[in-house]
Amino acid sequence: QVQLVESGGGLVQAGGSRRLSCIFSGSIFKPNAMGWYRQAPGKQRELVATLSERGDTNYADSVKGRFTVSRDNAKNTVYLQMNSLKPEDTAVYYCHADVERRYWGQGTQVTVSS
């Protein structure tokens, strides 16, 4: 059974940093793209950052220069380093892994206080 388990969420002050991790397991196949989306209260889920297996990245304009997505293919893990956090970054962050279809984690809350 495929699982994605996120960790690293929590409360952080504006201007601070946080690192999210997401481990993919339960499949004999390696994920192609992995990455992160987020959903704030009352808003639709939106792209944050994705990373292909060969290293191509795609970032939302709102996080460019502040967030960095990376992955350890040997560990089937994707990371999201978030710097210079803003209150508007407050959301539930979901990781995804694309194999034969897109799989989602359960989400981890990130709250940025002003």
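Let me begin with Arg54, which counts as exposed because its relative accessibility is 74%, where exposed means over 50% relative accessible area, buried under 20% and partly exposed in between, with a 1.4 Å probe and protein chains only. Please keep in mind that this is a predicted model, in which local features need pLDDT of at least 70 and side-chain atom pairs count only at pLDDT 80 or more, while totals for chains, interfaces and linings use all residues. Residues are numbered from 1 along each chain as its sequence is written, and side-chain values use heavy atoms, with hydrogens and water left out.

Arg54 forms a salt bridge with Asp56, their closest N and O atoms being 2.4 Å apart, and by salt bridge I mean a side-chain nitrogen of Lys or Arg within 4 Å of a carboxyl oxygen of Asp or Glu. Asp56 itself, at 40% relative accessibility, counts as partly exposed. The structure holds six salt bridges, and another of them joins the side chains of Lys64 and Asp61 at 3.1 Å, N to O, with Asp61 exposed at a relative accessible area of 66%.

Now to Arg66 and Asp89, whose salt bridge has its closest N and O atoms 2.8 Å apart. Arg66 lies in the loop between β6 (57-59) and β7 (67-72) and Asp89 in the loop between β8 and β9, so the pair ties together parts that are 23 residues apart in sequence; strands here are DSSP runs of E, at least two residues, numbered from the N terminus.

Note on methods
Helix = DSSP H or I, 4+ residues; strand = E, 2+ residues; numbered from the N terminus.
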